[in-house]
Amino acid sequence: MGFLLRLIVNAVALYLLTQVYGGVSFAPGADALSVLLAALVMGIVNALIRPVLMLLSLPVNVLTLGLFTLVVNGVVLWLVASVTALNVNGFGAAIIGALLLTVISWVLDAVVGALGLDGQRD
């Protein structure tokens, strides 16, 4: 149940990102299945590719006191957009979109936790 809930939260976060920020959008005619697929690909990329990127960029990340993580998150969003119906208007839009996606996901996680839907006990 946790995987399905996480997938839905990520899909809602991606959809809200496209509504809030014009630099990231879904292709015309994209349906709910396209949003779910993009969220699934985002989860896979975050689990498999992002740790490798973080390890490779560790020296730069240390020098920038962690700010380079925003660039890595932008690369991840851009990778997801390259294989799904998600459209990103340039690398700068990917970085801003990744930052906004992080904030939106954080808020949605807090709401899900407050409602007790995550299965965690206080």
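User: Why is Val88 called buried?

Analyst: This is a predicted model, so every value here is computed from its coordinates. Val88 has a relative accessible area of 15%, and buried means under 20%, so Val88 counts as buried. The residue is found in strand β2.

User: What does Val88 touch, not counting residues up to four places away in sequence?

Analyst: Val88 touches Gly23, Val24, Leu77, Ala81, Ala93 and Ala94. As for Ala32, which is 56 residues from Val88 along the chain, the two C-alpha atoms are separated by 18 Å.

User: What makes the pair of Trp78 and Phe91 tilted?

Analyst: A search of the whole structure finds one aromatic pair. The ring centres of Trp78 and Phe91 are 5.2 Å apart, and the limit for a pair is 6.5 Å. Their planes meet at 35°; stacked would need under 30 degrees and edge-to-face over 60, so the pair is tilted.

User: Why are Trp78 and Phe91 called partly exposed?

Analyst: The label covers what lies between the buried limit of 20% and the exposed limit of 50%. Trp78 has a relative accessible area of 40% and Phe91 has 29%, so each is partly exposed.

User: Which residues of α6 are buried, and what do they pack against?

Analyst: The buried residues of α6 are Ala93, Ala94, Gly97, Ala98, Leu101, Ile104, Ser105, Leu108 and Val112. They pack against α1, β1, α2, α5 and β2. In α1, the buried residues include Leu7, Val9, Asn10 and Leu14, and their cover includes β1, α2, α5, β2 and α6.

User: What lines the largest pocket?

Analyst: The largest pocket has a volume of about 260 Å³. Its lining has 14 residues, and those closest to the centre are Met42, Asn46, Leu101, Thr102 and Ser105. Two or more lining residues come from each of α1, α2, α5 and α6, and α6 gives the largest share, four residues. By type, the lining divides into seven nonpolar, six polar and one charged.

User: Is Asn61 buried or exposed?

Analyst: Asn61 has 8% relative accessibility, which is under the 20% limit, so Asn61 counts as buried. The residue lies in helix α4 (residues 58-63). Leaving aside neighbours within four places in sequence, Asn61 is in contact with Met54, Gly66, Leu67, Phe68 and Thr69.

User: Why does Thr69 count as buried?

Analyst: At 18% relative accessibility, Thr69 is under the 20% limit, so the label is buried. Thr69 lies in helix α5 and touches Arg50, Met54 and Asn61, not counting residues up to four places away in sequence.

User: What makes Leu65 and Pro28 exposed?

Analyst: Exposed means over 50%. Leu65 has 78% relative accessibility and Pro28 a relative accessible area of 82%, so each one counts as exposed. Leu65 sits in the loop between α4 and α5, while Pro28 lies in the loop between β1 (24-26) and α2. The C-alpha atoms of Pro28 and Ala85, 57 residues apart along the chain, are separated by 8.7 Å.

User: What is the phi of Leu65?

Analyst: The phi of Leu65 is near 55°, a positive value in a residue other than glycine. Most residues other than glycine have a negative phi. Gly116, which follows α6, also has a positive phi, near 80°.

Note on methods. Residues are numbered from 1 along each chain as its sequence is written. This is a predicted model: local features need pLDDT of at least 70, side-chain atom pairs count only at pLDDT 80 or more; totals for chains, interfaces and linings use all residues. Side-chain values use heavy atoms; hydrogens and water are left out. Rings of Phe, Tyr and Trp (its six-membered ring) pair if their centres lie within 6.5 Å; planes under 30 degrees apart count as stacked, over 60 as edge-to-face and the rest as tilted. Buried means under 20% relative accessible area, exposed over 50%, partly exposed in between (1.4 Å probe, protein chains only). On a 1 Å grid over the protein atoms alone, a cavity is a set of points where a 1.4 Å probe fits but cannot get out, and a pocket is an open set with protein on both sides within 12 Å along at least five of seven lines; lining residues have an atom within 4 Å of a point. Grid points are joined across faces, edges and corners, and a volume is the space filled by probe spheres set on the points. Ala, Val, Leu, Ile, Met, Phe, Trp, Tyr, Cys and Pro count as nonpolar, Asp, Glu, Lys and Arg as charged, and the others, Gly among them, as polar. Contact means heavy atoms within 4.5 Å.
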